[in-house]
Amino acid sequence: IGLPSVQSAIASSRLTSSANDIVVALQGARSQSIRTVKFAGVSIDTSTTPPTWYSFLDSSTIGAAPLGSLIQNFTAASGVTLVVTSTNADASDDTPTYRPDGRLGSVTAITMELSTSGSSEQRRVYIEPSGRVGVCVLPAPNPATPCPH
């Protein structure tokens, strides 16, 4: 009788954990870019199951491996899918890269949608051009305060 609610709780936990790991990678890359006065970012591979990402420092070839010095590797929780989007026409702008001043290298926001089987809930990680990172739950628990982007 309680099995569907347990499965839903597990799926929600996987989403939260993966979203938090992305935020840690993004904030770590931003911090490194400011601290070292170099470019840093997060390379995301959505072709793997589950998706993987790693933060890097001082990249000269955005979007191609190797991306400079590896800072840290991450792997999404089992069953989590990830879609990265931006409004830029250039696909390389989907790789969140921070300038030495901590601002995002692209001029538009980048969003990452995380979902998992067994739950209608999703997580959205968004990065503003200023470099600010945020997370929200979809669908929004309170329609009066919708998720940005």
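Throughout these legends, contact means that heavy atoms lie within 4.5 Å. The model is predicted, and local features need pLDDT of at least 70, side-chain atom pairs count only at pLDDT 80 or more, and totals for chains, interfaces and linings use all residues. Residues are numbered from 1 along each chain as its sequence is written, and side-chain values use heavy atoms, with hydrogens and water left out.

**View 1. Overview of the chain, with 1 helix and 8 strands.** Helices (H or I, at least four residues) and strands (E, at least two) are DSSP runs, numbered from the N terminus, and from that end the elements run α-β-β-β-β-β-β-β-β. Of the 149 residues in the chain, 38% are buried, where buried means under 20% relative accessible area, exposed over 50%, and partly exposed in between, with a 1.4 Å probe and protein chains only. The accessible surface of the chain is about 7700 Å², and carbon and sulfur atoms account for 54% of that area; these areas come from the Shrake-Rupley method with a 1.4 Å probe, and for residues only the protein chains shown count as cover. When contacts between residues at least 6 apart in sequence are considered, 50% of them join residues at least 24 apart.

**View 2. The largest nonpolar core, made up of 24 residues.** A nonpolar core is a set of buried Ala, Val, Leu, Ile, Met, Phe, Trp, Tyr and Cys residues joined through side-chain atoms within 4.5 Å. The residues with the most contacts inside this core are Ile 22, Leu 26, Trp 53, Met 112, Leu 114, Val 125 and Ile 127. At least two core residues are supplied by each of helix H1 (3-36), strand E1 (40-45), strand E2 (52-57), strand E4 (80-86), strand E6 (110-116) and strand E7 (122-127), and the largest share, 7 residues, comes from H1. In soluble globular proteins, nonpolar side chains tend to be buried together.

**View 3. Leu 26 and Ser 18, two residues of helix H1.** Leu 26 has a relative accessibility of 0% and therefore counts as buried. When residues up to four places away in sequence are not counted, Leu 26 touches Val 42, Pro 96, Tyr 98, Met 112, Val 125, Ile 127 and Val 133. From C-alpha to C-alpha, Leu 26 and Ser 43 are 9.9 Å apart in space, with a separation of 17 residues in sequence. Ser 18 has a relative accessible area of 1% and is therefore buried as well; leaving aside neighbours within four places in sequence, Ser 18 is in contact with Trp 53, Ala 76, Ala 77, Val 80 and Leu 114.

**View 4. An open sheet of 4 strands in the order E3-E2-E1-E5.** The pairing in this sheet is antiparallel, and two strands are taken to pair if DSSP finds at least two bridges between them. Strand E3 (69-75) and strand E5 (97-98) are the edge strands, each of which pairs on one side only. E1 and E2 run antiparallel and are joined by 6 bridges, and a hairpin of 6 residues connects E1 to E2. E2 also pairs with E3 in the antiparallel sense, over 6 bridges.

**View 5. The aromatic pair formed by Trp 53 and Phe 74.** Rings of Phe, Tyr and Trp (its six-membered ring) pair if their centres lie within 6.5 Å, and planes under 30 degrees apart count as stacked, over 60 as edge-to-face and the rest as tilted. By this rule the count comes to 1 aromatic pair, and the pair of Trp 53 and Phe 74 is stacked, at 6.2 Å centre to centre with 15 degrees between the planes. Because Trp 53 lies in strand E2 and Phe 74 in strand E3, the pair ties together parts that are 21 residues apart in sequence. Trp 53 also stands opposite Phe 74 of E3 in the strand pairing. Trp 53 is buried at 2% relative accessibility, and Phe 74 is buried with a relative accessible area of 9%.

**View 6. Backbone details at Pro 50 and Val 37.** The peptide bond from Thr 49 to Pro 50 is cis, with omega near -5 degrees, and Pro 50 lies in the loop between E1 and E2. With a relative accessible area of 58%, Val 37 is exposed.
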